[in-house]
Structures are given as structure tokens and as C-alpha cells.
Amino acid sequence: MANYYSDHPELEFHLHHPLMKRIVDLKERNYEDKDKFEDAPVDYEDAIENYKQILEITGDVAANVIAPNSEAVDLEGPHLENGRMIYASKTYENLDVTRKAGLYGASMPRRFGGLNLPNTTFSMLSEVISAADAGFQNVWSLQSCIDTLYEFGSEEQRAKYIPRVSAGETMSMDLTEPDAGSDLQRVMLKATQDPDGTWRLNGVKRFITNGDSDIHLVLARSEEGTHDGRGLSMFIYDKRDGGVDVRHIEHKLGIHGSPTCELTYKNAKAELCGDRKLGLIKYVMALMNGARLGIAAQSVGVEQEAYNEALAYAKDRAQFNSKIINFPAVYDMLSRMKAKLDAGRSLLYMTARYVDIYKALEDIQRDRKLTPEERAELKKYSKLADAFTPLAKGMNSEYANQNAYDAISVHGGSGFIMEYKCQRLYRDARIFSIYEGTTQLQVVAAIRYIINGTYNQVLADMLAQPVAENLQPLQARAKAMAEKLAACIEKVKAFENQEAQDFLARSLYDITGNTVMSLLILDDATRAPELFEKSARVYIPYAEAEVARAAAFIENFDINNIENYRMA
Amino acid sequence: MKGFKIIVLAKQVPDTRNVGKDAMTAEGTVNRAALPAVFNPEDLNALEQALRLKEQFPGSTISVVTMGLPKSAEVIREALYRGADEGYVVTDRTLGGADTLATSYTLSQAVKKIGDFDIILGGRQAIDGDTAQVGPQIAEKLGLTQVTYAEEILSVDPEKRKIVIKRHIDGGVETVEGPLPLVVTVNGSAAPCRPRNCKRVCKYKKATIPAERTGDNAEALNALVAERPYLNITQWGAADIECDPKQIGKAGSPTNVKAVKNIVFMAKESKTLTSSDEDINNLVVELINDKIIG
């Protein structure tokens, strides 16, 4: 039987990264759950075995239930009935089967009914479910909003809400409004207190993914008279209390399995989560970073599925007396799709590992004081996670779009026909580089770390890693890319002009992404040549050309020419 | 209420759904080595019906029984992963070569030993033998009502001890009522079984029968079972369930396979028709005469 996890051994490879031992030891707190919970692992090997089993289950459900349902879900979509959102009928089947498989509360501690999975493993589940149906992946993966409630909510709120999420209740994060999209400081939804202290929410939210969920995290203005991010707080709205209706469901280009709702709040009872005024500046930033990694995983899933669809078609389709896979123009596309997939996935899991280490240490910090070494470790990985999340999200969401585009190209005219899956992948992927911050905003988030040399330091560390002897010439080429990056950064800095830096940021970002992934795929190819050497040999020449393109743009950039780009 | 005690009969079978060219031996028997061993598909349908009853009637328990080689403990683990409470593997050299008569005798002895049950569920038939005889024979041996080809258990009344079942019949379905306890065999058109559950797999992945705890890992596995008794799956031999040696295995099997032949289906006579009015008229007349259309 098909299995979206075990059919791709490239995924399991990332489960055995050397950093996983540290991650699992921290996450399992030296396996202290083993005497309290029958499903808890007794040691590192046991934990990895559990992850594999959970991934196998997910791969089975993805291949044999969610993927077969995906076309019907895409065609039917959700609809509105008396202020309530009704999913496509097969979405209920997907929810039922993932609940029975126990795939909720995945990241939560066992004392709240969770599976206590690190983010690395959670991202693998996300990827596998997304490959089957990217729209359903949203509905499922929004459970990770609970991470923010766990981190910042009270113990009472944890005990009230987390077990419900572990049992399969769904979540949403209600952030955006008609006049507050990318700029969340403009949020207007009003939070007021009754004389008895009960919070009430009034206003409108728009573009809310899975907006009719069971448990909402809501960004609202609690400080009257304020106009920026400092007047916003985070609230928990429980659908059981009522007061929020769905006014409209958007008709979208893709991800039809994921309902996008406009919500009206009418005196809706809510609970304050965490401290007042920290809603946007602290909690939503945490929420968004988690969500961005989720989109990176969603993107990798579609990169894989697009490649699978294209490969199968190219092997089957014959023209000019030959299967089309034999034509250089076709295998050029296929090999690049696979190379981007392998490189992008490696970037995703590297980022997830950084997130895991600092999050696990932060969690330990809630119970005891960290040692000076642990504090240094937390600081290091927290910074790396912040730097790499926008890179993993931006690069992978673009790769998902590119692979979906190429999948249609490989299909030729058939790819344009609605009967083939690749057209859905193409429509679904388009949102990845938009929501949770457009690629342009990922560049804004990353540029600080490009300019201050964070990536340069990581690249230097990676270049110091030994690679297989036969890959050393490729490593030398990657080193040249890193040098080009350093030179381009200096060139941009030398302009001492903010507009020029903002304008050239995307080029710097592209150079950084391509160089980082070149070194990652080299490391993977060194450890598992049977899985990754081919991709390394395809990816690095591709990345080298991409770097040359962007570097040429920067090197030849004339600051006086910026005038001709301004369109206003 | 205390819920029902449900027994599910399951069998490990060679996966005959994906047959390669080496699936049969030169002697015409099934080459078990070439086919992966799987949970008999209709037994999974039966397990799903049991799991739904358990959800509907909290406090119900599901015991799964299988007969086979020690490695058939795998089907017990698969059932535990999906929500069964306990399992029994009936395994003994003396049970080998059993036909449906000896098998149903052995399983009915195991079921009696478990005792005090309300509902026995099993698949309609196994994909290796395709006899559909074992379930009904067990019902006969236990003197119980049987409902075969079940598609769905519609309701159970714990007070009146009645069960209502939708069963598959030629060209449709019928709804029947029966008394508890009874035997139900479930058809493949029933709801598919749910997937494994993550927490249950983590919990039960090292569950074993004693016969599996041998070799290099024996000590570690036995220590684990001593520490976590729920990891022990009950293993019974023929004597444990008080089998009459004359009624089990080859000795208890009146069926003798004389020969097994490879049969290639051949098309019988065929006719070629053109699209002319005459050919179409003739065909319609022929079909009406044969009462195929009318």
C-alpha cells in the first residue's frame, strides 16, 4: 500500500540528523515521562522508533484517505449555512480519520494528552499531509496555535484547552482585518471589560483560515485610544461560548479544503491570554514564526507531490517514439525539481532543529534555572531560528510554485486540463508565497541577519565541515558562492543608502538561500550519497548560476539608476 | 451499564491481492514465503464494527483471537494499535493442516475459554481459502444465532439483549434482528477499519507472545514484559483450551486435497458484430429471447 512517508526515504534521513539526539534529550527531559505514561519513550532510540511509527501512520492516512479525497474536496469546497462554515463533506472524513489516528496535540506534553513531538517531527507530519492535500494541511496544522497558548497562557487555561486540542478540536488565529493585513499594527477589533472583569470582543476579522474553528486566538485592541501594536492583546475565544459568526467565505484560487472566513464578533466573551499589550509584539510574533515554519513544511509537501506527478507522467508519456523522460529538455526540469525539493527540505529541517533546541530550553526554563551553558545555547539557537525561519519559508514557498509550474510544463497540454492533479497543485501553491508574510516580507525579516553577518558565520561553520572526497570540487564552488555573498553585502553596505539596501535585499536573500542550501545538500550527500549525491550535483550548478545572476545585478548596480525603477 | 464483551476472530493471511508470478509453488500450493503476511481484510472490517460498538457503549471490551504460527501475533498487535483491549494467539504444532472443521472447533474452544461474551465478530471469509465456513461453523458449535454478510450493526439494545444488523444480500441489503449472544460475520462492503492510533502504537509496539521472546533479545524482552505486563499477549496451546486431539489439526480435518490445478480462464465462443441495422436487430432479438433484456 502506498505510504507518503515510507515511500520517500529522504524524509527518514532527516530524522537521524546528529543534532536530533540533543533535541530529543531536551524535549523528553531525559525521558522522565517513561514511568508516568505508557506511550512515553524510555530512551533516544525508543523515541526515534515512536516518531517513525507516527510518521508511518500519517503516511498511510495521507496516501489512502486524504489524497483520494483531495479532488472531491477541491471541487466542493466549504459553504456558509446560517452563520456557520460547513466544510466540504470529505473534509469531515479527513478530520475523523486523523482524530482516530491520534494526530492532534502533536507538540503538546503528555500530561495534556499530547504526543510531545519536537517541531522537526511535527514538520514532517505537516509535509506528508500537505503532499496529500495542502488545504487540509492548514485545517490540521493550525493545532500548532496551541503552542502559543501553552507558552503564554495560564496553567488553568492550559488545563482547559490543551486536552481539547489533543482530542481533535480545531484552532484558528484571528489576526487580520480589512485594514490590517501585512500591517497588523492597524488591528481595530475592540476588547472591553465588563464590570465583573469579563472581556468582550466586538468587530470584524477577515481572511481567517479555518475561521469557524473550536478555539480561536484573537488579536484585539484592549487599550482604548491607542493606534499601534502596543495597544494590542491576545485573547482566547471558545466557540462553545458563542458570539462569533461567519459572515462570508472567500472564493479562492486554490486550497479549497481550507476555509477562509470573514468573522463578526458581537459581544463575544473571551479570555485574556498572557499579559495585556504584549499581544502583537510578543505573542503574535511567536505565533507567526511557528506558522511560517508550517508554511515551509506545507511547501515542501507540494514540491514533493509536484515532482512525483511530473515524474510519473514523464515516464509514461511517449512522443517521437520515446518516453518523454528521455529528452534533455524534460529531464532538465525533472532533475531541478528533485534538487530543489531535496535542498529545500534540508533547509526546512535545519530550521526546525534550531527551533526545537531553543524552544525545548525555554520550556525547561519555565521549571528551573538554566545553567550558563544552557543559556548560551538557548541564545545561539534562538537567533539562528529567527534568521532561518524567513529563509526556509520564503525559499520553499517559491520552490513549491516553481515545481508546480514545471509539473504542468512536463504534462504539456494535459497539465492545463482540470482532470490532472498538477493544476490543483499549481493553484494551491500560489498562496504559500503570500500568507504568513509574503516572500517580500520574508526578505525584510531576513535582511537584518544578512547585513549583520549571521548567515556568513553559519556558512563559514558549514564550510569547515568535511565533505566526501569526490564532492570537494563542489564544496569549492559553494565556497566561491559564500565569498560572492560577502562581497555583495559589502557593496550594498557601501551605498549607505536605505532605499538601495531595501531594493537590493531580494538579490542578497536569493544569494544567501542558494548558498546555504548548496552547503546543506553537500552535507546530506556526504552522509547519504545514495539519496542525495545526484541532487547535490544538480543543485550546486543551478544555485551557482542563480547566485551569479543576483550577484551581477548587485555588482553592476548604479544607484543613480534607481530613479528608473520608481513607478510612482 | 457495563458495556459488552466482544470477541473478534482474526487471521493472518498471505496477501493474495498483490500476486506476483512466484505466488504459487511448482506443486500448486500457495508460496507463503513470496507473499507478505497481512491482517485478513474482512477481519479488519469486523474489528471496525467492534470498535464502533465500544465507542457507543463505554465499558465494552474487545478481545481478539487468532490461530496460526507464532508470527500471527502481528495481527493481535495491529488490533491493539487500533483499539482492541487484549489478544490471544492459539498456536501449537498439533494444530497444523487444519481444515475449516478443525479450525472452527479449535477457535470455538478458545472462545469458550474466554467465556462470558456478548458478540463474536469475524470477517466473512479469509482471502487465502475463501471458504466463508469458519464463522458459521463456530456459531453451530456454540449453539448460537449467526448473521452472515453483515454490513453494519445498526443498534444494540442492552436491556432486551437484541441486535439489529444490516446484511448484504444479492441485489440489495436486508435488516435482521437477533438475540445476544450471537456470531456475526462481516462483509468487505462494511466500513473500512480505522488507522492505527499513534499513542497505542507507542504503547503496544513491543507487545509479544512468549514464543516471540526467544533468541538474543529474550532477556531484554522478558524484563520488559515483567515491568509492563500489558506487553504480554496470551499464548495458548491446544491443551490450554482443552482441545480433543482427534478434532484438531490434520487428524481433525476430513478434507483432503487431491490435486491443485492451475486454471487459465479461456473465452468461449465469440461473435463479431458490425454496426449494421441487421446485426443490431439480431442481437436485440437474441438478448430478448435469452431474457437478458426485456
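User: Before we start, how are things numbered here, and what counts?

Analyst: Residues run from 1 along each chain as its sequence is written, with chains lettered from A and ligands numbered from 1 in the order in which they are written. Since the model is predicted, local features need pLDDT of at least 70 and side-chain atom pairs count only at pLDDT 80 or more, while totals for chains, interfaces and linings use all residues.

User: Why is Asn116(A) called buried?

Analyst: The rule goes by C-beta atoms placed from the backbone: 20 or more others within 10 Å of a residue's own means buried, 12 or fewer means exposed, and in between is partly exposed. Asn116(A) has 23 such neighbours, so it counts as buried. You'll find Asn116(A) in the loop between H4 and H5 of chain A, and its phi is positive, about 55 degrees, although it is not a glycine.

User: And Asp130(B), is that one buried or exposed?

Analyst: Exposed, because Asp130(B) has 10 C-beta neighbours inside 10 Å. Asp130(B) sits in the loop between S6 and helix H4 (134-142) of chain B. Asp130(B) also has a positive phi of about 55 degrees without being a glycine.

User: What makes helix H6 of chain A largely enclosed?

Analyst: Helices here are DSSP runs of H or I with at least four residues, strands are E runs of at least two, and both are numbered from the N terminus. H6(A) covers residues 134-141, and eight of the eight are buried, so the rest of the structure largely encloses it. Among those buried residues are Phe136(A), Val139(A) and Trp140(A). The cover over the buried residues of H6(A) includes H3, H4, helix H5 (119-132) and helix H9 (279-316) of chain A.

User: How do you know that strand S1 of chain B pairs with S4 and S6?

Analyst: Pairing takes at least two DSSP bridges between two strands. S1(B) and strand S4 (residues 61-67) of chain B are joined by five bridges and run parallel; for instance, Lys5(B) has Thr61(B) as its bridge partner. With strand S6 (residues 119-123) of chain B there are four bridges, again in the parallel sense, and Ile6(B) is partnered with Ile119(B). Four of the five residues of S1(B) (residues 5-9) are buried, so this strand too is largely enclosed.

User: What is meant by the largest nonpolar core, and which residues touch the most other members?

Analyst: A nonpolar core is a set of buried Ala, Val, Leu, Ile, Met, Phe, Trp, Tyr and Cys residues joined through C-beta atoms within 7 Å. The largest one has 239 residues, and those touching the most other members are Leu201(A), Val218(A), Phe235(A), Leu347(A), Val8(B) and Leu47(B). Nonpolar side chains in soluble globular proteins tend to be buried together.

User: Which residues is Val8(B) in contact with?

Analyst: Contact means C-beta atoms, placed from the backbone, within 7 Å. Leaving aside neighbours within four places in sequence, the contacts of Val8(B) include Leu47(B), Ile62(B), Val64(B) and Leu121(B).

User: How many residues does each chain put into the contact between them?

Analyst: Chain A puts in 14 residues and chain B ten. Helix H3 (44-76) of chain A gives the most to the chain A side, with six residues.

User: What makes the peptide bond between Leu180(B) and Pro181(B) stand out?

Analyst: That bond is cis, with omega at about -10 degrees. Pro181(B) lies in the loop between strand S9 (172-179) and strand S10 (182-186) of chain B.

Technical notes. Two residues are in contact if their C-beta atoms, placed from the backbone, lie within 7 Å.
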